[in-house]
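Have the model open as you read, and enjoy the tour.

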Amino acid sequence: MTEAAIGLDRLQRGNDRYAGGDMPVHMPIRFQRPFAAIVGCADSRVCPELIFGLGQGDIFVIRVAGGIASGSVIGSVEYAIAELGVPLVVVLGHRDCGAVQEAVASWTTGEAAPSSGLNTIIRAIQPVLGPLLDSGCPADQFVDRAVTANSLKVAQDLVAKSALIGAHVRQGTVRVETAVLDLETGHVRFLL
(Lines give C-alpha, C1' and ligand atoms only; values in the text may rest on other atoms or scores of the structure.)
Protein backbone atom coordinates (compact mmCIF):
# COMPACT_ATOMS: atom_id res chain seq x y z
CA MET A 1 0.00 0.00 0.00
CA THR A 2 1.43 3.41 -0.96
CA GLU A 3 1.84 6.28 1.50
CA ALA A 4 -1.00 8.10 -0.24
CA ALA A 5 -3.29 5.07 0.06
CA ILE A 6 -2.41 4.70 3.75
CA GLY A 7 -3.14 8.40 4.26
CA LEU A 8 -6.47 8.15 2.44
CA ASP A 9 -7.44 5.15 4.56
CA ARG A 10 -6.52 7.10 7.70
CA LEU A 11 -8.73 10.03 6.61
CA GLN A 12 -11.65 7.72 5.88
CA ARG A 13 -11.36 5.90 9.22
CA GLY A 14 -11.06 9.20 11.08
CA ASN A 15 -14.16 10.53 9.36
CA ASP A 16 -16.03 7.35 10.32
CA ARG A 17 -15.13 8.05 13.96
CA TYR A 18 -16.20 11.69 13.65
CA ALA A 19 -19.51 10.95 11.91
CA GLY A 20 -20.18 8.25 14.51
CA GLY A 21 -19.69 10.71 17.38
CA ASP A 22 -16.47 9.12 18.64
CA MET A 23 -14.16 12.11 19.08
CA PRO A 24 -11.18 12.31 21.42
CA VAL A 25 -11.53 14.78 24.27
CA HIS A 26 -7.90 15.89 24.11
CA MET A 27 -5.86 16.31 20.97
CA PRO A 28 -2.18 16.70 21.85
CA ILE A 29 -0.03 19.30 20.11
CA ARG A 30 2.51 17.65 17.85
CA PHE A 31 5.28 18.64 15.52
CA GLN A 32 4.21 19.41 11.98
CA ARG A 33 4.50 16.10 10.15
CA PRO A 34 1.41 16.05 7.96
CA PHE A 35 0.55 12.98 5.94
CA ALA A 36 -1.91 14.92 3.74
CA ALA A 37 -2.75 18.42 2.56
CA ILE A 38 -6.42 19.39 2.59
CA VAL A 39 -7.62 22.18 0.29
CA GLY A 40 -11.01 23.31 1.49
CA CYS A 41 -13.47 26.07 2.06
CA ALA A 42 -13.03 28.71 4.74
CA ASP A 43 -16.56 27.98 6.02
CA SER A 44 -16.41 27.92 9.82
CA ARG A 45 -18.44 24.68 9.90
CA VAL A 46 -15.67 22.84 8.04
CA CYS A 47 -12.79 21.91 10.33
CA PRO A 48 -10.74 19.18 8.61
CA GLU A 49 -8.87 18.10 11.76
CA LEU A 50 -12.20 17.39 13.47
CA ILE A 51 -14.05 15.80 10.57
CA PHE A 52 -11.18 13.40 9.97
CA GLY A 53 -10.64 12.70 13.67
CA LEU A 54 -7.06 13.97 13.66
CA GLY A 55 -4.80 16.05 15.85
CA GLN A 56 -2.76 19.16 15.28
CA GLY A 57 0.11 18.61 12.86
CA ASP A 58 -1.44 15.53 11.22
CA ILE A 59 -2.68 17.38 8.13
CA PHE A 60 -1.70 20.59 6.34
CA VAL A 61 -4.89 22.61 5.89
CA ILE A 62 -5.33 25.29 3.22
CA ARG A 63 -8.65 27.13 3.36
CA VAL A 64 -10.21 29.78 1.15
CA ALA A 65 -13.86 30.56 0.38
CA GLY A 66 -15.08 28.08 -2.20
CA GLY A 67 -11.86 26.08 -1.92
CA ILE A 68 -10.65 27.62 -5.20
CA ALA A 69 -7.21 27.04 -6.73
CA SER A 70 -5.87 30.58 -6.36
CA GLY A 71 -2.16 31.29 -6.69
CA SER A 72 -1.64 31.28 -2.94
CA VAL A 73 -3.52 27.99 -2.57
CA ILE A 74 -1.41 26.39 -5.31
CA GLY A 75 1.74 27.74 -3.68
CA SER A 76 0.66 26.34 -0.32
CA VAL A 77 0.06 22.89 -1.82
CA GLU A 78 3.48 23.09 -3.49
CA TYR A 79 5.00 23.93 -0.09
CA ALA A 80 3.25 20.96 1.53
CA ILE A 81 4.62 18.64 -1.15
CA ALA A 82 8.13 20.07 -1.58
CA GLU A 83 8.95 21.01 2.02
CA LEU A 84 6.75 18.75 4.14
CA GLY A 85 6.69 15.71 1.88
CA VAL A 86 2.94 15.10 1.84
CA PRO A 87 2.01 12.28 -0.54
CA LEU A 88 -1.74 13.03 -0.56
CA VAL A 89 -3.72 16.16 -1.47
CA VAL A 90 -7.48 16.16 -0.89
CA VAL A 91 -9.74 18.86 -2.30
CA LEU A 92 -12.63 18.99 0.18
CA GLY A 93 -15.86 20.66 -0.89
CA HIS A 94 -18.96 20.78 1.27
CA ARG A 95 -22.71 20.85 0.77
CA ASP A 96 -24.45 24.17 1.19
CA CYS A 97 -21.30 26.10 0.31
CA GLY A 98 -22.03 29.83 0.50
CA ALA A 99 -19.36 30.72 -2.05
CA VAL A 100 -20.86 28.30 -4.57
CA GLN A 101 -24.34 29.66 -3.79
CA GLU A 102 -23.03 33.20 -4.44
CA ALA A 103 -21.49 32.06 -7.73
CA VAL A 104 -24.81 30.50 -8.79
CA ALA A 105 -26.78 33.62 -7.77
CA SER A 106 -24.38 35.96 -9.57
CA TRP A 107 -24.39 33.75 -12.66
CA THR A 108 -28.20 33.53 -12.65
CA THR A 109 -28.83 37.26 -12.17
CA GLY A 110 -25.80 38.55 -14.03
CA GLU A 111 -25.02 40.83 -11.11
CA ALA A 112 -21.51 41.17 -9.71
CA ALA A 113 -20.73 40.67 -6.05
CA PRO A 114 -20.27 43.78 -3.89
CA SER A 115 -16.48 43.36 -3.67
CA SER A 116 -13.67 42.62 -6.10
CA GLY A 117 -12.29 39.88 -3.83
CA LEU A 118 -15.60 38.03 -3.74
CA ASN A 119 -15.93 38.48 -7.50
CA THR A 120 -12.55 36.76 -7.92
CA ILE A 121 -13.86 33.74 -6.01
CA ILE A 122 -17.15 33.75 -7.92
CA ARG A 123 -15.37 33.91 -11.29
CA ALA A 124 -13.20 30.95 -10.29
CA ILE A 125 -16.28 28.84 -9.53
CA GLN A 126 -18.56 29.88 -12.39
CA PRO A 127 -16.92 27.85 -15.22
CA VAL A 128 -18.49 24.67 -13.79
CA LEU A 129 -22.02 26.09 -13.88
CA GLY A 130 -22.65 26.18 -17.65
CA PRO A 131 -21.94 22.47 -18.20
CA LEU A 132 -24.27 21.61 -15.29
CA LEU A 133 -27.08 23.65 -16.82
CA ASP A 134 -26.41 22.11 -20.25
CA SER A 135 -26.62 18.63 -18.70
CA GLY A 136 -30.18 19.30 -17.55
CA CYS A 137 -29.28 19.23 -13.87
CA PRO A 138 -32.47 19.57 -11.77
CA ALA A 139 -32.74 22.93 -9.99
CA ASP A 140 -33.02 21.34 -6.54
CA GLN A 141 -29.68 19.56 -7.07
CA PHE A 142 -27.86 22.36 -8.86
CA VAL A 143 -25.88 23.82 -5.93
CA ASP A 144 -24.82 20.42 -4.57
CA ARG A 145 -23.72 19.28 -8.03
CA ALA A 146 -21.92 22.61 -8.49
CA VAL A 147 -20.02 21.94 -5.23
CA THR A 148 -18.90 18.56 -6.56
CA ALA A 149 -18.03 19.97 -9.99
CA ASN A 150 -16.08 22.84 -8.41
CA SER A 151 -14.10 20.43 -6.22
CA LEU A 152 -13.23 18.28 -9.22
CA LYS A 153 -12.19 21.40 -11.18
CA VAL A 154 -9.97 22.58 -8.30
CA ALA A 155 -8.22 19.19 -8.21
CA GLN A 156 -7.65 19.38 -11.97
CA ASP A 157 -6.42 22.99 -11.68
CA LEU A 158 -3.89 22.07 -9.00
CA VAL A 159 -2.31 19.53 -11.33
CA ALA A 160 -2.64 21.61 -14.52
CA LYS A 161 -1.50 24.97 -13.12
CA SER A 162 1.48 23.75 -11.11
CA ALA A 163 4.48 22.14 -12.77
CA LEU A 164 5.59 20.84 -9.36
CA ILE A 165 2.26 19.25 -8.43
CA GLY A 166 1.76 17.89 -11.95
CA ALA A 167 5.22 16.33 -12.01
CA HIS A 168 4.69 14.62 -8.65
CA VAL A 169 1.30 13.28 -9.74
CA ARG A 170 2.73 11.92 -13.01
CA GLN A 171 5.66 10.32 -11.10
CA GLY A 172 3.21 8.71 -8.69
CA THR A 173 4.74 10.37 -5.61
CA VAL A 174 1.61 12.46 -4.92
CA ARG A 175 -2.04 11.55 -5.24
CA VAL A 176 -4.75 14.22 -5.63
CA GLU A 177 -8.25 13.21 -4.52
CA THR A 178 -11.58 14.98 -4.26
CA ALA A 179 -14.22 14.70 -1.54
CA VAL A 180 -17.43 16.38 -0.42
CA LEU A 181 -18.56 16.84 3.19
CA ASP A 182 -22.24 16.54 4.08
CA LEU A 183 -22.65 19.11 6.87
CA GLU A 184 -25.80 17.45 8.20
CA THR A 185 -24.39 13.96 8.69
CA GLY A 186 -20.67 14.74 9.00
CA HIS A 187 -19.88 12.07 6.39
CA VAL A 188 -17.24 12.74 3.75
CA ARG A 189 -17.85 11.15 0.35
CA PHE A 190 -14.61 10.54 -1.52
CA LEU A 191 -14.98 10.85 -5.30
CA LEU A 192 -12.50 8.07 -6.09
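In this predicted model, V100, Q101, V104 and W107 of helix 4 make contact with F142, V143, A146, V147 and N150 of helix 7. Sorted by type, the residues of this contact are seven nonpolar, two polar and no charged.

**How the two helices cross**

- Helix 4 spans residues 98-109 and helix 7 spans residues 142-161; they pack at an angle of about 110°, and their axes lie 9 Å apart.
- Helix 4 is therefore roughly perpendicular to helix 7, since angles from 65 to 115 degrees fall in that class.
- The crossing of helix 4 and helix 7 is right-handed.

**The largest nonpolar core**

- As general background, nonpolar side chains in soluble globular proteins tend to be buried together.
- Here the largest nonpolar core holds 20 residues, and C97, V100, I125, L129 and F142 have the most contacts inside it.
- At least two residues of this core come from each of helix 4, helix 5 (116-125), helix 6 (129-134) and helix 7.
- Helix 4 contributes the most to this core, with four residues.

- Leaving aside residues up to four places away in sequence, C97 touches C41, G66 and V147.
- Another core, of 19 residues, lies apart from the largest one, and includes A37, V39, A69 and I165.

Definitions and conventions. Residues numbered from 1 in each chain as written. Predicted model: local features only at pLDDT ≥ 70, side-chain atom pairs only at ≥ 80, totals over all residues. Heavy atoms only, no water. Axes fitted to C-alpha atoms, helices over the stretch in contact; angles between N-to-C directions. Parallel < 35°, antiparallel > 145°, perpendicular 65-115°, else oblique. Left-handed = near helix turned anticlockwise from the far one by under 90°. Contact = heavy atoms within 4.5 Å. Nonpolar A, V, L, I, M, F, W, Y, C, P; charged D, E, K, R; others polar. Core = buried A, V, L, I, M, F, W, Y, C linked by side-chain atoms within 4.5 Å. Buried < 20%, exposed > 50% of the residue type's maximum accessible area, 1.4 Å probe, protein only.
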